[in-house]
Amino acid sequence: MNALKKLFGGNTRQFGMIFALVALIVFFQIFTEGRTLTPGNVINLFNGNSYILILAIGMVLVIIAGHIDLSVGSVAAFVGVFVALAMRDWGFPWWAGVLFGLVLGAVIGAWQGFWVAYVGIPAFIVTLAGMLLFRGFNQFVGKSNTIPVPKEFQFLGSGYLPEVGPNTGFNNLTLLLGLIAVAFVVIMSLRARATSKALGADVPELWVEVTKLVLICGAILYATYLFATGRPGTSFPIPGLILAVLVLIYGFIADKTVLGRHVYAVGGNRHAAELSGVQSKKVNFLVMMNMSVLAGLAGMIFVGRSTASGPFDGVGWELDAIAAVFIGGAAVTGGVGTVIGSIVGGLVMAVLNNGLQLLGVGADLTQIIKGLVLLAAVAFDVYNKSQGKRSITGLLMKNFQRNNEIKPDETTSTKEVISKEA
């Protein structure tokens with residue numbers, strides 16, 4: 001037990017969802033007779049859930065800021081139908097359609113952000129209205145019909161990394177991507193360790209660091225092998241690549257930028273943040289606008305995968321995204337959460353869905369199980385708080401964030417608010 005405490009930072013509960021994810025994978029791998037960790041199933045799992053994971057990235061920032069967005073599914077559907085119409089009837093090339101969708105998402109987000117940030121209407125009400133409004137617009141504009149999209153646009157949601165280089169029996173670009181990911185993890189870990197030493201901070205024992213790296217890099221390499229050995233014509237999916245880029249970008253924003261720290265500060269204690277000079281209205285506006293941009297991107301990826309926009313696109317997506325964020329350790333009251341945690345929470349739900357389908361469990365029982373998992377995750381978070389502990393994955397990035405504190409020229413009070421609440 002002491003070894004585990006050293007390995008996982010002295011509090012194994014903070015990694016509860018990672019343990020749950022691994023346990024689910026092992027459970028379904030055994031009871032599905034090895035069908036869970038096959039290349040085809042893993043590729044399909046990422047293709048079928050990438051748009052929900054993208055929504056979870058935006059939703060975690062919304063929830064950290066103390067809000068919630070119920071409109072993301074309807075916004076995704078609205079953007080999807082408009083982009084499909086633009087390419088079919090207005091002569092837009094696929095790349096112009098993508099840009100048009102992102103701009104349309106930003107406009108919708110600005111609309112909702114204005115009511116939340118500057119008028120003061122609670123986000124729950126604004127986005128509930130948006131859910132009804134944009135769902136109606138989706139069906140009105142598309143006349144409740146499916147609208148096909150060109151093959152170039154379909155690549156956005158169902159494409160794969162191409163085959164290049166010599167015939168190695170693997171997809172070479174996928175192998176290269178996996179090796180880059182391993183190198184990135186090792187370099188960042190060594191850099192964080194060196195920075196901690198230079199600052200005189202405590203660093204884990206060397207065997208702890210090496211063991212962590214072996215486990216993480218081993219998981220990355222095994223996933224790389226699965227993606228690189230799928231049936232001919234498949235490899236690491238393009239939606240997965242987009243998701244990976246977004247995780248890096250938004251992880252950087254949340255952990256290393258002033259804007260990211262201000263989001264935590266506003267969600268943790270808005271009045272204290274405002275006294276420290278944080279422009280809470282601007283933060284809330286940007287968070288809501290960003291959510292709709294990502295919703296538009298998710299909608300376009302889904303339309304590309306399904307080859308057409310339809311009247312029932314996006315139904316229930318907001319619930320899946322919110323569930324992923326809370327299962328990943330975000331606090332209901334705001335101020336706590338991580339991008340990585342939301343991805344882990346989304347993967348828990350994705351593996352649960354996929355495994356139950358492989359076992360032949362009906363949709364009714366699947367919904368019951370998902371509801372119980374969500375309730376248990378939030379109850380566990382509330383229990384941890386009542387015991388004076390951090391939420392499930394609240395410490396996942398603790399050592400990384402410690403080396404990227406707000407610089408001395410920024411207001412001390414803001415840093416104090418963030419350090420107490422995040």
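**Exercise 1.** Decide whether Lys143 is buried or exposed, and find where it sits.

*Solution.* Take the relative accessible area of Lys143: 64%. Apply the classes: buried is under 20%, exposed over 50%, partly exposed in between (1.4 Å probe, protein chains only). Lys143 is therefore exposed. Its place is the loop between α6 (123–141) and β1 (147–148). The model is predicted: local features need pLDDT of at least 70, side-chain atom pairs count only at pLDDT 80 or more, and totals for chains, interfaces and linings use all residues. Residues are numbered from 1 along each chain as its sequence is written, and side-chain values use heavy atoms, without hydrogens and water.

**Exercise 2.** Work out what phi Lys143 and Ser144 have.

*Solution.* Most residues other than glycine have a negative phi. Lys143 has a positive phi, near 55 degrees. Ser144 also has a positive phi, of about 55 degrees. Ser144 is found in the loop between α6 and β1. With a relative accessible area of 43%, Ser144 is partly exposed.

**Exercise 3.** Determine how the buried residues of α2 are arranged.

*Solution.* Start with the extent: α2 covers residues 16–31. Helices are DSSP runs (H or I, at least four residues), strands likewise (E, at least two), numbered from the N terminus. Next, list the buried residues of α2: Gly16, Met17, Leu21, Leu24 and Phe28. Seen down the axis, they fall within an arc of 135 degrees, so they line one face of the helix. The arc is that of the directions from the helix axis to the C-beta atoms. Finally, Val26 in α2 is partly exposed at 44%.
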